[in-house]
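Open your viewer and keep the selection tool at hand. We will go from stop to stop, and each stop tells you what to pick.

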Amino acid sequence: MFKAIAHFGFKKSSKPFKDYYDGWFKTLKNVLLPQLRHAMSSSATSGPILLASHVEVMHRHFLKYYEALDLAAANDVSQVLYPDWRNPFEKPFLWVGDLHPYLFTNLLRSFIGDSESEIDSDIFDKLQNWHVVMAWKSPSRKLTTGVDQIECGLRLMVPALAARARDAQAKFVEKMAVEWGKCEGRNQEMKGVVGESAAAEMEELVGVFVDANRLRRSVLSDILNVTDVNQAAVFLEALAQFLVGFRNRELLSQFDKCSMEL
């Protein structure tokens, strides 16, 4: 419903956000991810400073993405809140237009949960860095306490943001139901009512979207604050690979086959 009403009286972007995302994604996949992996494999000899710099670059790349999302939402929230340019494999992981922040913490938890498992010799051979391989062995109290606090904040913020979006929709429907009867047969007047209601609706949804992005940025930064440089590198490498996997042609083909069978 919101995607349809966004077309009433709301300015449209001259440049689709999809174009920005495509460029951002290519930089992530072809430049930053390979560089981070190289730093992870060579930091045993080059020291932690090089690895820390690549962790920071990757972090800033994600922050710039969310800043760009905020700007796109202010201009035309419909193209980012309802991204029809996302493929079917990505959409189940979206919440308020982008990755659910629980994905960040669940990914982090997966490393903590594997801390007692045996080390895969193949991973060690590829990384050639004992500090990276052992990054998640015996996680510190600071790390586990920090993750608990991050998740506690999410349990408060996620339902609150969802309720705001739901209330915004309810208010729009209520107003439209009242005004529809008053303007029956007067198309021009109805268009004005819809446009006015849609503008107020979209303004609230922009606020919800920006706050959701603020939450995603905060969770990502909080995770990097409670992890050391090796843990942060492993986490960001996995997050980047997760995004790259969304556009894996073989996986998309398998996903499409499953959809057709259903």
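Select tryptophan 85 to begin. This is a predicted model. Is tryptophan 85 buried or exposed? Tryptophan 85 has a relative accessible area of 16%. Buried means under 20%, so tryptophan 85 counts as buried. Tryptophan 85 sits in the loop between α4 and β1 (94-95).

**The ring partner**

How far apart are the centres of the rings of tyrosine 21 and tryptophan 85? The ring centres are 5.3 Å apart. The planes of the two rings stand at 45°, so this pair is tilted. Tyrosine 21 is in helix α2. It lies 64 residues from tryptophan 85, and the pair links distant parts of the chain. Tyrosine 21 has 2% relative accessibility, so it counts as buried.

**The aromatic cluster**

Next, select Phe17, Tyr20, Tyr21, Trp24, Phe25, Phe62, Tyr65, Tyr66 and Trp85 together. These residues form one aromatic cluster. A search of the whole structure finds 15 aromatic pairs. Zoom in on phenylalanine 17 and tyrosine 65: their ring centres are 6.1 Å apart. Their planes are at 45°, so this pair is tilted. Phenylalanine 17 belongs to helix α2 and tyrosine 65 to helix α3. Phenylalanine 17 is buried, at 4% relative accessibility. Tyrosine 65 is buried too, with a relative accessible area of 3%.

Now centre the view on phenylalanine 235. Leave aside its neighbours within four places in sequence. Phenylalanine 235 is then in contact with Phe104, Leu107, Leu108, Phe111, Leu220, Ile223 and Leu224.

**Across to helix α5**

Pick phenylalanine 111 from that list. Phenylalanine 111 is in helix α5. Its relative accessible area is 18%, and phenylalanine 111 is buried. Which residues does phenylalanine 111 contact, leaving aside neighbours within four places in sequence? The contacts are Trp136, Val234, Phe235 and Ala238. Then draw a distance from phenylalanine 111 to alanine 135, C-alpha to C-alpha. The two are 9.3 Å apart in space and 24 residues apart in sequence.

**Along helix α10**

Select residues 229-246, which make up helix α10. How many residues does helix α10 have, and what span should they give? At 1.5 Å a residue, its 18 residues should span 26 Å. The end C-alpha atoms of α10 are 26 Å apart, which agrees with that span. Helix α10 is mostly covered, as 15 of its 18 residues are buried.

Look at the N-terminal end of α10. Aspartate 228 caps this end. A side-chain oxygen of aspartate 228 lies 3.1 Å from the backbone nitrogen of asparagine 230.

Proline 48 is in helix α3. Is proline 48 buried or exposed? At 53% relative accessibility, proline 48 counts as exposed.

Now move along α10 to glutamate 237. Glutamate 237 is buried, with a relative accessible area of 18%. Glutamate 237 touches Leu33, Leu36, Arg37 and Met40, not counting residues up to four places away in sequence.

**Zoom out**

Show the whole protein as a cartoon. How many helices and strands does the protein have? The protein has 11 helices and two strands. Trace the elements from the N terminus: they run α-α-α-α-β-β-α-α-α-α-α-α-α. Of the 262 residues, 44% count as buried. Take the contacts between residues at least 6 apart in sequence: 79% of them join residues at least 24 apart.

Terms used
Residues are numbered from 1 along each chain as its sequence is written. This is a predicted model: local features need pLDDT of at least 70, side-chain atom pairs count only at pLDDT 80 or more; totals for chains, interfaces and linings use all residues. Side-chain values use heavy atoms; hydrogens and water are left out. Helices (H or I, at least four residues) and strands (E, at least two) are DSSP runs, numbered from the N terminus. The expected span of a helix is 1.5 Å times one less than its number of residues. Buried means under 20% relative accessible area, exposed over 50%, partly exposed in between (1.4 Å probe, protein chains only). A polar contact is a pair of N or O atoms within 3.5 Å; within protein, one must be able to donate a hydrogen and the other to accept it, and residues adjacent in sequence count only if both atoms are side-chain atoms. Contact means heavy atoms within 4.5 Å. Rings of Phe, Tyr and Trp (its six-membered ring) pair if their centres lie within 6.5 Å; planes under 30 degrees apart count as stacked, over 60 as edge-to-face and the rest as tilted.
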